[in-house]
Structures are given as structure tokens and as C-alpha cells.
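Here is a short report on one structure.

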Amino acid sequence: LYSKSLYYAGDALNIGTGITKIKSDFVGVGASSNTLTLFPSQSITVGSDGIIVGGSPATGSAILGGTGNIISGHFNTLVGGAQNKISGDLLGFNFIGGGSGIDITGSQYSSSIGGENNDILDSDYSIIGGGEQNRISGEFGAILAGEDNTAAGTHSVVAGGNENLASGAYSFIGGGQQNEASGLYSYAFGRRSKVGIYDTGAAVF
């Protein structure tokens with residue numbers, strides 16, 4: 001009886017099982033479609049023109065708001081922003097919260113919060129807290145803010161600054177500009193401080 005109906009039951013508005021899409025009479029600014037697909041294969045897009053794709057197809061993924069956002073894979077979440085993308089790992093559990101041009105690729109359990117053109121590439125359990133043009137390519141990496149910073153070593157951290165590179169495993173850069181921490185367990189601070197690949201545990205200020 002209610003397969004293609006909208007009806008009230010108690011205090012809830014119910015959507016019949018035969019209704020799979022909702023269409024509006026106009027297309028909003030920045031949107032490419034006037035159609036909202038309801039719970040496609042346990043994934044959902046709300047208030048956006050986002051796309052969710054994946055094998056079987058994608059399960060448990062959600063895009064909430066924003067424009068031009070894409071998810072490929074299961075159990076990923078993307079909230080707001082523009083032209084953001086999560087892809088490359090079938091079971092992701094990744095999160096993007098706002099920002100523009102953010103990519104999380106080939107990773108699991110990683111997050112990027114705001115910023116512009118920040119990337120997490122093949123790096124599980126990693127996080128970017130903001131800034132722009134930052135890149136993580138080592139597992140368990142973290143970049144808190146700043147610009148043009150790279151955390152390439154496993155468990156490496158860049159706290160902020162500009163054009164810093166933490167490529168040694170367990171390396172840390174506390175901020176500043178054009179610093180490099182290439183040694184295992186190395187630290188670099190200030191400007192143009194460099195720790196070589198063979199300088200294990202060294203700190204340069």
C-alpha cells in the first residue's frame with residue numbers, strides 16, 4: 001500500500017520502500033543535479049552533488065554537504081568542503097572535514113581537517129590538521145598546520161611552519177622554515193636546520 005507513498009505514522013514522516021530518489025524543481029548553485037538518491041546500498045549523500053562509488057557497491061560511506069566531493073570505498077565519511085576525495089582502499093574508515101582539494105588515497109583510518117590541497121597518500125593512521133599544500137606519505141604521520149610541509153617517514157610529525165621535511169622514521173620538526181629531519185629519531189627546529197640520514201637521534205636548532 002505504501003511502497004511509493006509519503007505518509008505519517010505516529011510523529012514520523014515515512015518514505016515508502018518504492019521511493020528511491022527525491023527531485024527538486026531547480027538545480028542549486030554549484031550543483032550538477034536536482035536529484036537526491038536515498039540510501040544507495042547503505043551509503044548516503046545529503047545536501048550535496050557528491051558521488052559515492054565502490055565494489056558491491058560502497059557500504060557505510062557518507063557525503064554530507066559540500067560540492068564536487070567523491071568517495072570510493074567502504075566506511076568513509078566526507079563532510080562539507082569542495083572537490084575533496086577519498087579513494088584507493090576498499091575498506092577505508094577515513095574522514096575529511098571541510099576544506100578544498102583534499103585527497104586521502106590508498107589509506108585507512110586517516111583524517112584531514114580543513115585546509116586546501118592537503119594530501120594523505122598510502123599512509124594509514126595519519127592526520128593533517130589544516131594549512132595548505134601539506135603531504136603525508138608515511139604511516140602514522142601527522143602535520144598539524146602550515147604550508148608545503150611533508151611528513152614522509154613512518155611516525156613522523158611536522159608541527160607547523162613552511163617547506164619542512166620530516167623523512168626519518170620517528171622524526172619531528174617543531175616549526176620554522178625549510179628544516180629537514182632525515183635521521184631516525186631526529187629533531188629539527190628554526191630555519192634551515194638539517195639532520196642527515198645517518199644522524200640517529202640528533203637534534204638541530
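## Aromatic rings and a buried asparagine

Phe205 is exposed, at 72% relative accessibility. Exposed means over 50% relative accessible area, buried under 20%, and partly exposed in between (1.4 Å probe, protein chains only). This is a predicted model, where local features need pLDDT of at least 70, side-chain atom pairs count only at pLDDT 80 or more, and totals for chains, interfaces and linings use all residues. Residues are numbered from 1 along each chain as its sequence is written, and side-chain values use heavy atoms, without hydrogens and water.

The structure holds 8 aromatic pairs (ring centres within 6.5 Å). Phe189 and Phe205 are stacked (planes under 30 degrees apart), because their centres lie 5.1 Å apart and their planes meet at 5°. This pair links distant parts of the chain, 16 residues apart.

Phe75, Phe93, Tyr109, Tyr125 and Phe140 form one aromatic cluster. Phe93 lies in the loop between β10 (85-87) and β11 (95-97). Strands here are DSSP runs (E, at least two residues), numbered from the N terminus.

Asn134 sits in the loop between β15 (127-128) and β16 (135-136). The side chain of Asn134 reaches the backbone oxygen of Gly130 at 3.1 Å.

How do the relative accessible areas of these residues compare with the classes above?

| Residue | Relative accessible area | Class |
|---|---|---|
| Asn134 | 1% | buried |
| Phe189 | 24% | partly exposed |
| Phe93 | 35% | partly exposed |
| Phe205 | 72% | exposed |

Key:
Helix = DSSP H or I, 4+ residues; strand = E, 2+ residues; numbered from the N terminus. Polar contact = N/O pair within 3.5 Å; in protein donor to acceptor, adjacent residues only side chain to side chain. Phe/Tyr/Trp six-rings, centres within 6.5 Å; stacked < 30°, edge-to-face > 60°.
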